[in-house]
Amino acid sequence: MELIRGLHNLRPRHRGCVATIGAFDGLHKGHQRVLAHLEAEGQARGLPTTVIVFEPLPREYFAPVRSPARLMSFREKFVALRELGVDRVLRIGFDDRFSQMSADDFIQQVFVEGLDIQFMMAGDDLRFGRDREGDFNVLQAAGQRWGFEVTDADTCEVDGERVSSTRIRKALEAGDFAMAERLLGRPYAISGKVVYGQQLGRTLGAPTANLQLHRLRAAMSGVYAVEVAGLGAGLMAGVANVGTRPTVDDRVKAILEVHLLDFDRTIYGKRIEVFFRKKMRNEQKFDSLDDLKVQITKDIASARAWFEQH
């Protein structure tokens, strides 16, 4: 799969494709249905599939603190799109200049002149262009004017409700990983490279692998029983904390720390994937590091007990 880093990197060979545009946060079952339809159209027309995304997401650009927590980083999204068989991803850097582009200019510069889209698939909740003036109806009218077909995405439902990133966030906040998996079509996981932290976990008797989340906030917070892939054959059991570490530094940006049970190897630089199995408690602030150490010991014991039963 090819990543096109910005409109300035579009080349004549990128013209002529079937495409879709959106946030695709989580790449849930609804997104998967859209991409399957797009792939079928591409095969029928002999054209490659192109997925158009913004980075950062427009809502993150305008209101970074109030915007919904991301389900996945851009890298995770890119890997998932590749696994789903997408041919190209056009990542458009969203900034002030771009936010002022009218919907008509966006269609002409990106869809027509840049990509020469022959078929476009979009959700009926699509908004684009200055002041969110562009919607599905605007896009459909433009397709008739410029000569490309526009189709809306079918609604995907689970238990009679529409599958959405918002619904997945609510499931994760509630610790309902079974529901999250049903909506995603796979277990929820966070992946990333293990980086150096403050080494505090080791002094507290529980060394941790620290992952940068590459997002302002995680979709959940607390202490969890987890399984980790990427360190050899099979999954390794552990206990993880997702949050802002209020007892230590009360930071704004969330991090993920994982303590692997019965494991004592240096894994800095390794890329791992953390699967969340059970929420054990909410994140909380303790009066002292000694109190935190006592709680960590209890968390490890709770995680062991859960894995023994499952």
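**View 1. Helix α7 and what its buried side packs against.** In this predicted model, the buried residues of α7 pack against α1 (29-45), α2 (58-62), β7 (157-158), β8 (161-162) and α8 (177-184). Helix α7 spans residues 165-173, and its buried set is Ser165, Arg167, Ile168, Arg169, Ala171 and Leu172. Just past the helix, look for Gly175, which takes a positive phi of about 70°.

**View 2. Lys77, a buried lysine with no salt bridge.** Lys77 sits in helix α3 (residues 74-83). Its nearest side chain of opposite charge is Glu55, 5.0 Å away. Setting aside neighbours within four places in sequence, Lys77 touches Ala23, Phe24, Leu27, Val53, Leu57 and Met72.

**View 3. Arg162 and Asp125 in a salt bridge.** The N to O distance here is 3.5 Å. Arg162 belongs to strand β8, while Asp125 is in the loop between β5 (117-122) and α6 (136-146), 37 residues apart. Both ends are partly exposed: Arg162 at 45% relative accessibility, Asp125 at 49%.

**View 4. Arg277 meets Glu227.** This salt bridge comes in at 2.8 Å, N to O. Arg277 is partly exposed, at 25% relative accessible area.

**View 5. Asp262 and Arg304, a loop-to-helix pair.** Their side chains form a salt bridge at 3.0 Å, N to O. Asp262 is in the loop between β13 (255-260) and β14 and Arg304 is in helix α10 (residues 289-309), so the bridge ties together parts 42 residues apart in sequence. Asp262 counts as exposed at 66%, whereas Arg304 is partly exposed at 33%.

How values were computed
Residues numbered from 1 in each chain as written. Predicted model: local features only at pLDDT ≥ 70, side-chain atom pairs only at ≥ 80, totals over all residues. Heavy atoms only, no water. Helix = DSSP H or I, 4+ residues; strand = E, 2+ residues; numbered from the N terminus. Buried < 20%, exposed > 50% of the residue type's maximum accessible area, 1.4 Å probe, protein only. Lys, Arg positive; Asp, Glu negative; His and termini not counted. Salt bridge = Lys/Arg side-chain N within 4 Å of Asp/Glu carboxyl O. Contact = heavy atoms within 4.5 Å.
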